[in-house]
Amino acid sequence: MRLHGPNAGTGPTAAEPAPAAAAPRTAQVRTVPWEGRLQRYWDFAPLGPAGRPAAPQDAAEPVMFLVHGFRGDHHGLLRIVEGLPGYRVIVPDLPGFGASEALAGVHDVSAYARFVRHSLEALGLGPSTVLLGHSFGSVIASRFAADNPGRTAALILVNPICEPALEGSSRLASRAAELYYAAGARLPERPGLALLTNPLIVRVMSIFMAKTRDRALRAYIHDQHARYFSAFAERRVVLEAFRASIGATVRDSAADLTGPVLLIAAELDDLGSLEGQRRLAAMIPGARLEVLAGTGHLVHYEKPLEAAALVTAFLQEGRK
């Protein structure tokens, strides 16, 4: 069952207006089958100096493949896409979220890492591809990179999950959230859906995560969550993905990451302390840690252009 997700198609789509001062980009929506289910991808062509799509022969920068976090879809990463105009950027809706169909099996880290591998192959993306993951997407991206050394040129982790959710100060909140998602999956369909999509609960989640004091930006973040936080294919998808998100961290794959790695952490991130991020960076050979001050777990909404600038500088430095 599709809830409040966007209508999928094969024609072009444009990023939505945002408070950030960046030009929207237009994407081609691609549909790729995987394990008998249709998955959707938003493919943004690189822009030239005049802000127009660059010809393929003029696109010198590597392709970037972005993986969104738990309960979101591709919309959450559009502000970062806008900050990377010189790159071809591809952003899927993870299976079971947004406009992508649910899998027959369990939606866990292993399945999503296999989805990334299939995506790169199906889209013809070679080893020069740069892989970026936000939040739960950082866990997926790091698992893929660890399992497939040399398959991508660099790994970018934004708001990386550095500490188990069931440890430390957030463990009680994580347990409560798990009960919430379990109830939503096990209740009869109508009350279960009503619980999972309850606007008040979604707003409370949004308020908890947003750290900005900019009223317009907070309103934009709340609107984004209201629009897209309930875009999932089946109730079980949310429970399975949530359990995966609290049961794994980037630390699980850290020792096996061999390529260039950039960690973009946030000073006020409730899901990953600065001490935890520093420990994680020390576990990854040659990793670089950058910290954005005054923001929390929503870097992709609160400081997307700053994050994009860090990504661009990191990749350009690696080419020297």
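**Figure 1. Isoleucine 246 in helix α8.** Isoleucine 246 is found in helix α8, which spans residues 235-247, and the model in which it is shown here is a predicted one. With a relative accessibility of 9%, isoleucine 246 counts as buried, because buried means under 20% relative accessible area. Serine 174 is 72 residues away from isoleucine 246 in sequence, yet the C-alpha atoms of these two residues are 7.4 Å apart in space.

**Figure 2. The two faces of helix α10.** In helix α10, which covers residues 274-283, the buried residues include Gly276, Gln277, Leu280 and Ala281. Seen down the axis of α10, its buried residues fall within an arc of 140°, so they line one face of the helix. An α-helix has 3.6 residues a turn, and therefore residues three or four places apart point the same way. The face of α10 that is turned away from the buried side carries Glu275, Arg278 and Ala282, which are exposed. The buried residues of α10 are covered by elements that include α9 (251-254), β8 (261-266) and β9 (288-292).

**Figure 3. Strand β3 and its partners.** β2 and β3 form a hairpin with 2 residues between them, and glutamate 35, which lies in the turn, has a positive phi of about 50°. Strand β5 (residues 89-92) also runs antiparallel to β3, to which it is joined by 4 bridges, and here valine 91 in β5 stands opposite tryptophan 42.

**Figure 4. Phenylalanine 70 and phenylalanine 97.** The structure holds 9 aromatic pairs. One of them is formed by phenylalanine 70 and phenylalanine 97, whose rings are arranged edge-to-face, 6.3 Å centre to centre and with 75° between the planes. Phenylalanine 70 lies in the loop between β4 (64-67) and α1 (78-82), while phenylalanine 97 lies in the loop between β5 and α2 (109-122), so the pair ties together parts that are 27 residues apart in sequence. Both residues count as buried: phenylalanine 70 has a relative accessible area of 18%, and phenylalanine 97 has a relative accessibility of 2%.

**Figure 5. Tyrosine 220 and tyrosine 301.** Tyrosine 220 and tyrosine 301 form an aromatic pair that is edge-to-face, with 6.0 Å from centre to centre and 90° between the planes. The pair links distant parts of the chain, since tyrosine 220 belongs to helix α7 (residues 215-228) and tyrosine 301 to helix α11 (residues 299-302), 81 residues apart. Tyrosine 220 is buried at 10% relative accessibility, and tyrosine 301 is buried with a relative accessible area of 6%.

**Figure 6. An aromatic cluster, and a charge over a ring.** Phe70, Phe97, Tyr180, Tyr181 and Phe242 form one aromatic cluster. In a separate detail, the charged end of lysine 211 sits over the ring of phenylalanine 208, at 5.8 Å from the centre of that ring.

Terms used
Residues numbered from 1 in each chain as written. Predicted model: local features only at pLDDT ≥ 70, side-chain atom pairs only at ≥ 80, totals over all residues. Heavy atoms only, no water. Buried < 20%, exposed > 50% of the residue type's maximum accessible area, 1.4 Å probe, protein only. Arc of directions from axis to C-beta. Contact = heavy atoms within 4.5 Å. Pairing = 2+ DSSP bridges. Phe/Tyr/Trp six-rings, centres within 6.5 Å; stacked < 30°, edge-to-face > 60°. Lys NZ or Arg CZ within 6 Å of the ring centre and 35° of its normal.
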